[in-house]
Amino acid sequence: MKIIVTGGAGFIGSNFIFHMLKKYPDYRIICLDCLTYAGNLSTLASVMDAPNFRFVKESITDRKAVFALFEEEHPDMVVNFAAESHVDRSIEDPEVFLDTNIKGTAVLMDACRKYNIRRYHQVSTDEVYGDLPLDRPDLFFTEETPIHTSSPYSSSKAAADLLVLAYHRTYGLPVTISRCSNNYGPYHFPEKLIPLMIANALNDKPLPVYGKGENVRDWLYVEDHCKAIDLIIHKGREGEVYNIGGHNEMKNIDIVKIICRELGKPESLITYVTDRKGHDMRYAIDPTKIFQELGWLPETKFADGIKKTIRWYLDNREWWETILSGEYQDYYEKMYARRI
Ligand code: NAD
Ligand code: DAU
């Protein structure tokens with residue numbers, strides 16, 4: 001089996017590559033990633049020399065390069081993680097989100113059509129469903145929940161999902177889509193809530209909580225997401241959408257307090273800052289379908305996952321300190337100066 005994994009130098013894609021190479025030593029994995037600010041080749045250092053792994057630095061929006069890679073490799077499957085993934089950046093500047101997340105998806109699927117791929121898997125997000133009110137804990141996102149997006153990011157992901165389903169119906173492309181809740185774990189880029197708070201706390205910097213910190217996210221350890229995708233690409237039904245989530249809803253402020261406690265840092269570091277525009281209140285996934293059809297259940301409890309994650313950031317300071325010392329610093333100063 002030959003699988004092209006796009007966006008494999010990012011957070012979830014890299015964790016997926018590690019999972020697949022370990023579990024399926026006979027598979028050949030080709031990582032296609034153009035290394036945006038969020039892609040980091042050092043993340044893949046441990047697999048770079050593996051005989052069944054290849055890294056290709058190209059953009060999924062580059063039709064010529066994508067078709068040339070398919071011509072050379074004739075992959076069996078494509079798992080598309082490549083995306084612009086940060087909501088705040090999409091609010092600042094939506095254009096690249098449209099290019100990568102929508103056009104890039106179409107380019108990949110055109111190549112899949114030409115080369116008769118066995119499975120195209122789109123890694124999507126629960127954000128395509130919009131948000132749920134805080135006072136209705138009985139409501140959850142199912143696969144039938146209408147698409148109702150809030151940010152340019154989630155709109156671009158939703159547009160891509162619609163294209164994927166259209167390619168299935170119109171051309172018979174063998175596709176699957178997964179819509180997952182918030183992931184956390186190793187190699188999470190330190191612009192996202194959990195790694196940002198860990199890095200800031202370790203540097204005794206203010207912990208910027210948007211609004212009142214009451215927004216709720218449904219956190220899933222990244223390895224559990226990777227295992228779910230593994231199941232879907234092997235056993236999921238073509239043309240189907242699968243929700244993935246941990247039934248682990250938490251308020252942002254509670255997460256930040258846990259991080260303070262685990263690191264022995266004072267809660268006085270917490271600073272309430274201007275809210276995100278259009279900020280989604282609550283995400284909550286109903287994962288019944290993937291449980292009933294494929295037997296998937298999350299394995300890592302949040303209490304353990306957050307400890308493992310914090311340990312990883314303590315043991316891998318060089319990884320995130322290198323990121324924080326680069327051009328990311330300009331982004332941080334620009335974004336957060338405006339919020340305070
Ligand atoms: P990330 O930002 O950490 O990584 C994205 C990767 O894609 C980077 O390596 C980047 O270099 C690469 N990339 C970006 N544009 C590209 C292009 N044009 N061509 C090739 N490569 C490109 O993202 P992540 O958090 O790992 O998310 C991966 C996927 O999972 C995304 O599609 C995202 O929408 C989805 N998702 C993320 C979460 C989450 O909590 N992080 C939850 C659900 C779904
Ligand atoms: O739900 C899945 C989505 O989860 C993915 O599709 C996205 O790619 C991923 O980035 C994530 O989106 P969120 O917007 O939920 O994640 P983020 O880590 O940016 O923010 C989590 C919550 O924390 C959100 O309510 C905003 C808040 N927040 C975030 C940052 C960066 C803060 O309060 N302060 C911060 O500095």
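Predicted model: local features only at pLDDT ≥ 70, side-chain atom pairs only at ≥ 80, totals over all residues.
**View 1. The shell around ligand 1.** In this shell, 28 residues surround ligand 1. The closest are I12, D33, S85, Y153 and K157. By class, 13 are nonpolar, 12 polar and 3 charged. α1 (11-23), β5 (119-125) and α5 (152-171) each supply at least two shell residues. The largest share, 3 residues, comes from β5.

View 2. The side chain of D33 places an N or O atom 2.6 Å from an oxygen atom of ligand 1. K157 has a polar side-chain atom 2.7 Å from an oxygen atom of the ligand. At S59, an N or O atom of the side chain lies 3.0 Å from a nitrogen atom of ligand 1. Taken alone, ligand 1 exposes 830 Å², and the protein buries 96% of that.

**View 3. The shell around ligand 2.** Here 24 residues surround ligand 2. D126, Y153, R276, H279 and Y336 are the closest. The shell divides into 10 nonpolar, 8 polar and 6 charged residues. At least two residues come from each of α6 (193-202) and β8 (207-210). β8 gives the largest share, 3 residues.

View 4. An N or O atom in the side chain of Y336 sits 2.6 Å from an oxygen atom of ligand 2. N182 brings a polar side-chain atom to 2.8 Å from an oxygen atom of ligand 2. P208 contributes through its backbone: a polar atom there is 2.8 Å from a nitrogen atom of the ligand. Ligand 2 taken alone exposes 690 Å², of which the protein buries 94%.

Note on methods. Residues numbered from 1 in each chain as written. Chains lettered and ligands numbered in written order. Heavy atoms only, no water. Near = heavy atom within 4 Å. Polar contact = N/O pair within 3.5 Å; in protein donor to acceptor, adjacent residues only side chain to side chain. Areas by Shrake-Rupley, 256 points an atom, 1.4 Å probe, with all protein chains shown as cover. Helix = DSSP H or I, 4+ residues; strand = E, 2+ residues; numbered from the N terminus. Nonpolar A, V, L, I, M, F, W, Y, C, P; charged D, E, K, R; others polar.
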